[in-house]
Amino acid sequence: MYTETKPDTRKVVPTWNYSAVQVYGKLSLYYDSKTFEAGAFLHKHIRDLLQHTEETIIGYATVDEAPEKYVELLQRNIVEIEIRIEKIQGKFKTSQQMKVGDREGVAMGFAAMGGETGKALSKLVKERGLLHDAEKQ
C-alpha cells in the first residue's frame with residue numbers, strides 16, 4: 001500500500017520485497033572413500049554424526065559398537081560437500097527507498113497478513129527503512 005505516492009501521483013506499480021544472501025567460497029567434494037583425504041574426512045563425519053545421534057537423541061553412547069565394515073559401507077555411499085566460506089553478501093529490497101508513508105503502508109499491509117511471516121516482514125520493512133534513512137543523513 002503506497003499510502004503517500006499513490007494518492008499524490010498515481011505513479012505506482014506492484015513490486016517485490018526480498019532479502020537475498022550469496023555465499024562465496026571454495027568447494028571440496030569428498031566422494032571416493034578409498035583416497036586417504038576423502039576416507040579420513042568421511043570417517044570422521046560419520047563417527048561424529050553417529051555419536052551425536054546416539055548421545056543427544058537416543059540418550060546413550062554406542063558409537064564404538066558400530067562395526068567397522070558397516071562404517072566403511074556408509075563411506076562408499078556418501079558424498080560430502082565442504083564449503084570454506086570466503087565472503088558473504090546480503091541484499092535487501094524491502095521498500096526502504098520509498099517515502100516514509102509508503103513504507104508504513106507496506107509494513108501495515110504485511111502486518112495485516114497476520115501470522116509469523118506477516119509480522120516478520122512488517123518488522124523488516126520498518127527496520128530497513130530506518131537504516132536507509134540513517135545512511136542518507
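Modeller: Ground rules before you start. This is a predicted model, with local features needing pLDDT of at least 70, side-chain atom pairs counting only at pLDDT 80 or more, and totals for chains, interfaces and linings using all residues. Residues are numbered from 1 along each chain as its sequence is written, and side-chain values use heavy atoms, with hydrogens and water left out.

Colleague: Fine. What makes up the fold, in terms of helices and strands?

Modeller: Five helices and two strands, in the order α-β-α-α-β-α-α from the N terminus.

Colleague: Why is the protein called more spread out than a compact globule?

Modeller: Because its radius of gyration is 25 Å, well over the 14 Å that the globule rule gives for 137 residues. The radius is taken over C-alpha atoms, and the rule is 2.2 Å times the number of residues to the power 0.38. The C-alpha trace spans about 75 × 35 × 25 Å along its principal axes.

Colleague: What makes Arg-103 buried?

Modeller: Its relative accessible area is 8%, and buried means under 20%, exposed over 50%, partly exposed in between (1.4 Å probe, protein chains only). So Arg-103 is buried. Buried residues make up 26% of the 137 in the protein.

Colleague: And which residues does Arg-103 contact, leaving aside its neighbours within four places in sequence?

Modeller: Arg-103 is found in helix H4, residues 100-113. It is in contact (heavy atoms within 4.5 Å) with Ser-95, Gln-96, Met-98, Val-125, Gly-129, His-132 and Asp-133.

Colleague: How do you know that Arg-103 and Asp-133 meet in a salt bridge?

Modeller: The rule asks for a side-chain nitrogen of Lys or Arg within 4 Å of a carboxyl oxygen of Asp or Glu. Here the N to O distance is 2.5 Å, so the pair passes. The pair links distant parts of the chain, with Arg-103 in helix H4 and Asp-133 in helix H5, 30 residues apart. Asp-133 itself counts as partly exposed, at 22% relative accessibility.

Colleague: How many salt bridges does that rule give?

Modeller: Four. Another one of them joins Lys-44 and Asp-48, whose closest N and O atoms are 2.5 Å apart. Being four residues apart in helix H2 (residues 36-58), these two are separated by about one helical turn.

Colleague: What makes Lys-123 and Glu-127 a salt bridge?

Modeller: Their N to O distance is 3.8 Å, so with a limit of 4 Å the pair still qualifies. Both lie in helix H5, four residues apart, about one turn of the helix.

Colleague: Why is Lys-123 called exposed, while Glu-127 is called partly exposed?

Modeller: Lys-123 has 52% relative accessibility, so it counts as exposed. Glu-127 has 37%, so it is partly exposed.

Colleague: Last one: is Gln-137 buried or exposed?

Modeller: Exposed, because its relative accessible area is 82%. Gln-137 is found in the segment after helix H5 (115-136). C-alpha to C-alpha, Gln-137 and Thr-53 are 52 Å apart in space, and 84 residues apart in sequence.
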